[in-house]
Amino acid sequence: MNISRLIVSLFVLLTLIHCGGNPHDGNPTSDFDFNLPDLKGNLHALKDFRGEVVVLNFWATWCPPCLEETPKLKDLHLRYKDSGVHVIGIALDKDSLDLVRPFVKANNISYTILKGDQEIFTTLSAGSSVEEFKGVPTTLIIDRKGRIRERFDGSFELEQLEDRLRSLLAE
């Protein structure tokens, strides 16, 4: 087994172990950014969304708690898109375009979906107080200045997430 296959296998195993873990309230304030493609190949950076509150959800098609969050994220997107909130899903499937495109179409997802990779976790943790990535689902709430203000490891409670969104929108 070559080293890259071993790394990918370990990543998938660790993600599966943590899939559906308990959420917790974090308040890291470190900046981070990314440059990831959407399903059409167009690149997006987090800094492109400055001025908006961002709900950033890391997920995978094989993760049951992630799939349970999809309707909540669709609802959030529809209710808050005109209020300065942008919902972004970062798909972490190994062959994400082949798996995610049909999933997005079948579930009529209209919020932004990006193709993630291992580098985003390095970027997220590098030189910051952000805790190590624990697996999917993980949801971050990022304020208008690009700072991580809330983190949910595992499934999020919609009411708790909305309370935090409303407080950030009021700032």
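## Pairing and the strands next to β4

Two strands are taken to pair if DSSP finds at least two bridges between them. In this predicted model, that criterion places strand β4 beside strand β5, residues 112-115, the two being paired in the parallel sense over 4 bridges. Within this pairing, Gly 89 stands opposite Ile 113 in β5, and Ile 88 stands opposite Thr 112, likewise a residue of β5.

Strand β3, which spans residues 53-59, is also joined to β4, here through 7 bridges, and these two strands run parallel. Val 53 has Val 85 as its bridge partner in β4.

## Burial of β4

How many of the residues of strand β4 are buried? The count is 7 of the 7 residues in the run 85-91, so the strand is largely enclosed by the rest of the structure. This burial applies to both directions in which the residues point: Val 85, Val 87, Gly 89 and Ala 91 are directed one way from β4, while His 86, Ile 88 and Ile 90 are directed the other way, and all of them are buried.

## The largest nonpolar core

The largest nonpolar core comprises 44 residues, and the members that touch the most others are Phe 34, Leu 56, Phe 58 and Ile 90. Two or more residues are contributed by each of the elements β3, α2, β4, α3 (96-106), β5, β6 (138-142), β7 and α5 (158-170). Of these contributions, that of β3 is the most, with 6 residues.

Which residues does Phe 34 touch, if those up to four places away in sequence are not counted? Its contacts are His 44, Ala 45, Leu 46, Leu 56, Ile 90, Leu 114 and Ile 120. Among them, Leu 56 and Ile 90 are also named with Phe 34 as core residues touching the most other members, and Ile 90 is one of the buried residues of β4.

Technical notes:
Residues are numbered from 1 along each chain as its sequence is written. This is a predicted model: local features need pLDDT of at least 70, side-chain atom pairs count only at pLDDT 80 or more; totals for chains, interfaces and linings use all residues. Side-chain values use heavy atoms; hydrogens and water are left out. Buried means under 20% relative accessible area, exposed over 50%, partly exposed in between (1.4 Å probe, protein chains only). A nonpolar core is a set of buried Ala, Val, Leu, Ile, Met, Phe, Trp, Tyr and Cys residues joined through side-chain atoms within 4.5 Å. Contact means heavy atoms within 4.5 Å.
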